[in-house]
Amino acid sequence: MPMAPVHRLPTESLLRVFEFYLDAAPETCDTYRHSKRDLASVSRHWRDVILCSPSLWTKIMVSSHWTEARAKTYVTRSSQSLLDIDFLHWSDRNSDGIFTTILNTLASSAHRWHSLTIQEDVPHFHRSLVLEKLNHLLLPSLKQVSIGNFPGSLTEQGEIYLRPERSPHLGHVHLHVVAGTLVNFHIPSGISALSLEFYEHEHIRHQSVFNSLSGQGLTSLHVSGNSIDFDLPPNSIQLPLLKEFVCSLGHAKALIRALVAPSVKCFHYSPSLWRDSPSVIFSDLSSKFNNVDYLCLSRFTTENLSETVCLAFPNVCHLTLVPAIRFEPYLRTAEFPSGVLHWKNLKRLTIENLRDYDLGCLSGLVDWLQQRVFAGQSKLQVELSCYECGSSSLFQRLLELCYLEKLDVRHKADVVVCCSGSRTWVEVQPYYNIGELSTTFAIVRRTAVTQSCECAFDV
C-alpha cells in the first residue's frame with residue numbers, strides 16, 4: 001500500500017503543522033491537551049514527533065485538573081525552551097496543597113519563563129501565592145505579565161513585585177485592577193508597554209494610580225474599562241518616549257489633559273460612555289498632539305470630527321473611524337466637519353464596519369470630499385469596510401472624489417447546498433461575496449464528505 005502524502009512530510013514540516021493546529025485550539029487547558037492527545041493517537045510517528053518536540057510542551061495552562069506529575073512532564077519535555085505560564089481557575093479548595101506543589105515545580109524552571117498570565121477568575125489565595133513566589137524568583141527571560149483582578153498595587157506589605165533586578169527583560173505588563181484599591185501604586189521600571197483595565201465604577205480623587213508613570217520609558221499605554229474619574233492636574237503625566245496611546249475609558253478628559261507625550265504617533269480613542277463627546281474631551285487642546293499621524297476614533301459621530309478634534313491633532317495622515325452601534329441611532333449623523341483645511345496632511349481615511357443603516361455617513365463623506373476638492377486639496381485614499389450595504393450610487397460618487405482602495409461590500413444572498421449522490425455543490429446568487437463563498441466551502445467540507453464540489457452560478 002503506498003504511503004499517504006502526509007506521512008512523507010519532513011519532521012520539521014509536520015511539526016509546524018502541529019504548532020499551527022494547536023495554536024488555533026481554544027485557550028483552555030483541557031482542549032489544548034486533548035487536541036495534542038488526538039494528534040498523538042493518529043500514528044506512532046506522530047506520537048514520537050509530539051513527545052520529542054519541546055516546542056509543543058511550552059504552553060502550560062494550570063487548572064484544578066492538573067497534577068504534580070503533569071507539571072513535571074511539561075517541564076521535562078519542554079527541555080530548555082521558553083515557557084508561557086497561564087494560571088486558570090482553580091475550583092477545588094481542597095487541593096490547595098497540590099497547587100503549591102505545582103507552583104514549586106514550575107518555579108524550578110523560572111529562568112525559562114517567557115510570559116506569565118493569572119486569569120481574572122483565579123481565587124485570591126492562589127493569586128497571592130503566585131505573586132509572593134515572584135519575589136523569590138530570578139526571571140531573566142520573563143517579557144510579558146498579565147494579572148487579572150489585581151489586588152490593587154504591585155506592592156504588598158512593603159514588598160515590590162517584579163523588581164527590575166529579578167526580571168530585567170520585562171517589557172509588557174497588563175493589569176486588570178480594582179480602581180478603588182489602588183494605593184501606593186507602583187509600576188516596575190523598565191517596562192515599555194503598560195495596559196491598565198479598570199472594572200469598577202469609581203471616582204478616584206487621588207493621583208497615585210498615575211504618579212509612578214511620569215518619567216517612565218513607556219512606548220505604549222493602554223487604558224480601558226468602566227467609568228473612572230481621575231483628579232489629575234493638566235500636563236502632570238510626562239511620558240517623553242510614548243509612541244502609542246489607546247484610551248477606551250469613560251470620563252477620560254482629565255487623563256488626556258494630564259498626558260504630555262510629544263513623541264506619540266498613534267492615538268486610539270473609544271469612549272465607554274456615549275456622553276463623552278470628543279468635541280468636549282479635546283476642547284482647548286489645540287496642537288497638544290501635534291506629532292500624531294494615525295488617529296482612530298471609535299463610535300464616531302459628528303462631534304468626533306469637529307473642529308476641536310482637528311485642531312488637537314493637526315498633522316494626522318491616516319484617520320480611522322468606527323461607527324456607533326445600531327441601538328444608538330441618535331449618535332449618528334451624516335455631517336463631516338466644514339473646516340476641511342485643518343487636516344492638510346491627511347492622506348488616508350478608513351471607515352470600518354459600515355452597515356446599511358450607516359450609509360447616511362457616506363453621504364456626508366461625499367460632501368466633505370467634494371469640499372476638499374474645491375479647496376484644492378489632493379484626493380484621499382479611502383478604505384471602506386461594509387457589510388450588507390447593498391448597491392448604492394454613493395459608491396460611484398466616491399470613486400469620482402477619492403481613490404477607493406478597497407470596497408468590501410457584502411450582500412445578503414441565499415446559499416443552497418445541493419447534494420446528488422456523491423456530488424455536493426453550492427448554488428449562490430451572482431453577486432455573492434467571494435470571500436464569504438470560500439468560508440461556505442469550508443463549512444461544506446466539515447459537514448459532508450465530498451468527492452467533488454462544483455459551483456453553479458446562474459448568470
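Trainee: Which residues touch the most other members of the largest nonpolar core?

Mentor: F87, W113 and F245. That core holds 109 residues. A nonpolar core is a set of buried Ala, Val, Leu, Ile, Met, Phe, Trp, Tyr and Cys residues joined through side-chain atoms within 4.5 Å. The model is predicted, so local features need pLDDT of at least 70 and side-chain atom pairs count only at pLDDT 80 or more, while totals for chains, interfaces and linings use all residues. Residues are numbered from 1 along each chain as its sequence is written, and side-chain values use heavy atoms, leaving out hydrogens and water.

Trainee: What is W113 in contact with, leaving aside its neighbours within four places in sequence?

Mentor: L83, I85, L106, A107, L134, L137, L139, S141 and L142. Contact means heavy atoms within 4.5 Å.

Trainee: How much of the chain is made up of buried residues?

Mentor: 46% of its 459 residues. Buried means under 20% relative accessible area, exposed over 50%, partly exposed in between (1.4 Å probe, protein chains only).

Trainee: What share of the contacts with a separation of 6 or more joins residues 24 or more positions apart?

Mentor: 66% of them. The chain has 13 helices and 23 strands. Helices (H or I, at least four residues) and strands (E, at least two) are DSSP runs, numbered from the N terminus.

Trainee: What makes R16 and E19 a salt bridge?

Mentor: Their closest N and O atoms are 2.5 Å apart. A salt bridge is a side-chain nitrogen of Lys or Arg within 4 Å of a carboxyl oxygen of Asp or Glu. R16 and E19 therefore qualify, at 2.5 Å. Both lie in helix α1, three residues apart, about one turn of the helix.

Trainee: Is E19 called buried or exposed, and why?

Mentor: Its relative accessible area is 16%, so E19 is buried. R16 has 42%, so R16 is partly exposed.

Trainee: How many salt bridges does the structure hold?

Mentor: Three. Another joins E68 and K72, at 3.2 Å from N to O. Both lie in helix α4 (residues 68-77), four residues apart, about one turn of the helix. E68 is at 33% relative accessibility, so it counts as partly exposed. K72 is at 43%, so K72 counts as partly exposed.

Trainee: Which residues make the nonpolar surface patch of about 200 Å²?

Mentor: V6, L9 and V17. Patches are made of residues with over 30% relative accessible area and no salt bridge: like charges are joined within 9 Å, nonpolar side chains (Val, Leu, Ile, Met, Phe, Trp, Tyr) within 5 Å. V17 has 44%, so it passes the area cut-off. V17 lies in helix α1 (residues 11-23).

Trainee: How confident is the predictor over the chain?

Mentor: The average pLDDT is 76, and 69% of the residues score at least 70. pLDDT is the predictor's confidence in each residue, from 0 to 100. Over residues 326-334 the pLDDT is below 50, and this stretch has 19 contacts in the model beyond near neighbours in sequence. Residues 429-459 stay under 50 too, with 47 contacts beyond four places in sequence.

Technical notes: Areas by Shrake-Rupley, 256 points an atom, 1.4 Å probe, with all protein chains shown as cover.
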